[in-house]
Every structure is written in C-alpha cells, then in structure tokens.
Amino acid sequence: MIKLMRIDYRLIHGQVAMAWTSAIGANCLLVANDAVSKDSMRITTLKLARPAGCKLVIKSVEDSITALNSGVTDPYNLFIIVESVEDAYRLAKGYRNIRSINFGGAKPQKDCTRKLSVTTPVSECDMQLLKELVNEGIEIEIRQVPGDEKINVSKLL
Amino acid sequence: MDVGVLIDAWLASRHVNDRWVVITDIFGGSVNNEFMVRMADGGFMLIAGMNLGLVIELACGLDRLSLENVEQSVEQSRAGIVFCNNLATAGGEDEEF
C-alpha cells in the first residue's frame with residue numbers, strides 16, 4: 001500500500017531518509033522522476049542515500065504509473081517521492097488511488113509567484129494543478145518532518 | 001578562559017532531574033579532558049569526536065538516551081565518515097518491484 005507520496009525537489013536526503021521512512025514504516029522507496037531514471041550518475045548517488053532496510057526503485061513518471069496500476073507495488077509499504085508539483089499531478093492523474101500528497105519542498109524558480117510556506121514556492125501553473133487535485137478530493141498538506149502539524153493547502157489556495 | 005571553571009559552573013547549575021549527553025570536538029583535546037575528569041561524579045554521558053550525523057541521531061531520540069542506545073548511536077555514526085571518491089564506481093544492481 002502507499003504509505004506516503006511526497007513532493008521534495010531534493011528527492012532522498014537526510015530528513016527524508018531518516019525521519020520519514022521510519023515514521024511511516026516504509027520498506028520500499030519509489031523515486032518517480034524522468035531525468036533521474038535516465039542519468040546513471042544520479043541513480044548511483046540516490047542508491048547511496050537509500051535508507052537501510054528499504055528497497056529503492058527508480059522509474060520515470062510514466063513507468064511508475066504503469067507499475068502502480070499493475071499491482072506489483074501492492075505488497076510493499078511504499079513511499080513515493082517526486083520532485084515537483086507537476087510530477088505529482090501527472091502521477092495522481094495516472095494512478096487514481098492517491099488520496100493524499102505531502103508537499104515538503106519545491107525548488108525556487110523565477111516564475112514562482114507565491115510561497116505557500118517557507119519551503120514551498122509555487123508558480124501560477126503549480127497553483128492550477130494543485131487546485132485541480134484538491135477539487136478531486138485529494139488532500140495536499142505541507143509538512144517538513146512527520147511531527148509537524150499538517151498545513152492543508154486547500155486553505156491556502 | 002579556564003574551561004574547567006566553565007564546566008564547574010555548568011555542573012553546579014544543572015537541574016537535579018536533567019540528564020545530559022556531552023559531545024566534544026576531539027578526544028584528547030583539553031575540553032574533553034576536563035569533562036573526563038569530572039565524568040565519574042558528574043552523572044553525564046560524554047562523547048568525543050562530534051559529527052553531525054551523531055548529533056541528529058541523538059536529537060531525534062531524546063526519549064531513548066540509555067547508555068546502550070547512545071553507545072549504539074556512536075558505533076553507527078562511524079559509518080557516516082565516508083571517502084566518497086571510491087563510491088561512484090561501486091554501482092550495484094538496479095532494484096525492481
């Protein structure tokens with residue numbers, strides 16, 4: 001089952017590896033990212049950051065959707081990580097069982113017009129995508145670490 | 001500034017129910033030496049050779065600071081000192097579902 005889906009532009013890093021994986025009881029990490037899945041150097045780096053006792057699978061967003069829909073991921077306590085609102089949107093549209101998305105961190109870009117929180121700047125386009133997901137009943141909550149209080153994005157849009 | 005004086009002041013100011021883990025920069029350094037001579041009566045845990053991984057590990061487990069757990073964290077933190085240049089060639093199999 002999916003334990004958590006997280007948007008974090010830094011993918012697997014200290015906080016994610018240590019705090020989140022154990023807090024949610026994940027035994028498998030799926031990094032759904034087009035660029036990384038084609039880049040052997042980044043794949044190697046990610047493999048090194050893999051939390052102990054946790055399987056790491058790296059796939060493009062499309063391949064991730066296919067795998068999720070096929071049921072092969074069902075036996076795992078799965079932690080899905082994507083790097084952007086856009087990738088989260090694509091995944092949630094392709095695999096309809098995503099009911100909740102944790103928004104942890106976004107890369108500051110020039111076209112970001114708003115900061116939903118300190119670590120989550122968003123562009124107009126991101127806002128549209130988030131609105132659509134919220135309207136479909138998907139919970140989108142901002143939290144850096146598991147112990148933080150959830151900030152519900154629907155209240156900020 | 002006399003480190004021993006500073007440490008004695010800290011020892012005297014502690015709340016009786018507080019438990020302390022002290023992490024110093026380097027084993028054999030003057031600061032660690034001053035803590036060591038006060039360790040038996042001081043009732044604190046002392047670790048020399050601070051590194052960030054160790055600090056994070058301990059900080060995330062403040063409710064589990066037994067002698068055993070702290071010793072285990074110290075042991076595990078040794079794995080955090082990595083010469084990265086050799087790693088890139090390590091590779092390994094790509095995992096699948």
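A residue counts as buried when its relative accessible area is under 20%, as exposed when that area is over 50%, and as partly exposed in between, with a 1.4 Å probe and protein chains only. The model on display is predicted: local features need pLDDT of at least 70, side-chain atom pairs count only at pLDDT 80 or more, and totals for chains, interfaces and linings use all residues. Residues are numbered from 1 along each chain as its sequence is written, chains are lettered from A and ligands numbered from 1 in the order in which they are written, and side-chain values use heavy atoms, with hydrogens and water left out.

Select Ser123(A), which is buried, with a relative accessible area of 6%. Ser123(A) belongs to strand E7 (residues 120-123) of chain A; helices (H or I, at least four residues) and strands (E, at least two) are DSSP runs, numbered from the N terminus. Leaving aside residues up to four places away in sequence, Ser123(A) touches Asp111(A), Cys112(A) and Thr113(A), where contact means heavy atoms within 4.5 Å.

Next, select Leu11(A), in the loop between strand E1 (2-8) and helix H1 (14-24) of chain A. Leu11(A) is buried, with a relative accessible area of 3%. Its phi is near 55 degrees, a positive value in a residue other than glycine. Most residues other than glycine have a negative phi.

**Chain A: helices H5 and H6**

Two packed helices are described by the angle between their axes and the distance between the axes. Select helix H5 (residues 85-94) and helix H6 (residues 124-135) of chain A, which pack at an angle of about 30 degrees with their axes 9 Å apart. Axes are lines fitted to C-alpha atoms, for helices over the stretch in contact, and angles run from 0 to 180 degrees between N-to-C directions. H5(A) and H6(A) are therefore roughly parallel to each other; angles under 35 degrees count as roughly parallel, over 145 as roughly antiparallel, 65 to 115 as roughly perpendicular and the rest as oblique.

Show the side chains at this contact: H5(A) contributes Val85(A), Glu86(A), Tyr89(A), Ala92(A) and Lys93(A), and H6(A) contributes Asp126(A), Leu129(A), Leu130(A), Glu132(A) and Leu133(A). By class, the contact of H5(A) with H6(A) has 6 nonpolar, no polar and 4 charged residues.

**Chain B: overview**

Turn to chain B, which has 5 helices and 2 strands, in the order α-β-α-α-β-α-α along the sequence. The C-alpha trace of chain B spans about 55 × 30 × 20 Å along its principal axes. Of the 97 residues in chain B, 24% are buried.

**Chain B: helices H1 and H2**

Select helix H1 (residues 3-13) and helix H2 (residues 30-37) of chain B, which pack at an angle of about 45 degrees with their axes 10 Å apart. H1(B) and H2(B) are therefore oblique to each other. From H1(B), Val3(B), Gly4(B), Ile7(B) and Trp10(B) meet Val31(B), Glu34(B) and Phe35(B) in H2(B).

**Chain B: Ser73**

Finish at Ser73(B), in helix H5 (residues 67-77) of chain B. Ser73(B) is buried, with a relative accessible area of 9%. Apart from residues up to four places away in sequence, Ser73(B) touches Leu54(B), Glu57(B) and Leu58(B).

Methods:
Ala, Val, Leu, Ile, Met, Phe, Trp, Tyr, Cys and Pro count as nonpolar, Asp, Glu, Lys and Arg as charged, and the others, Gly among them, as polar.
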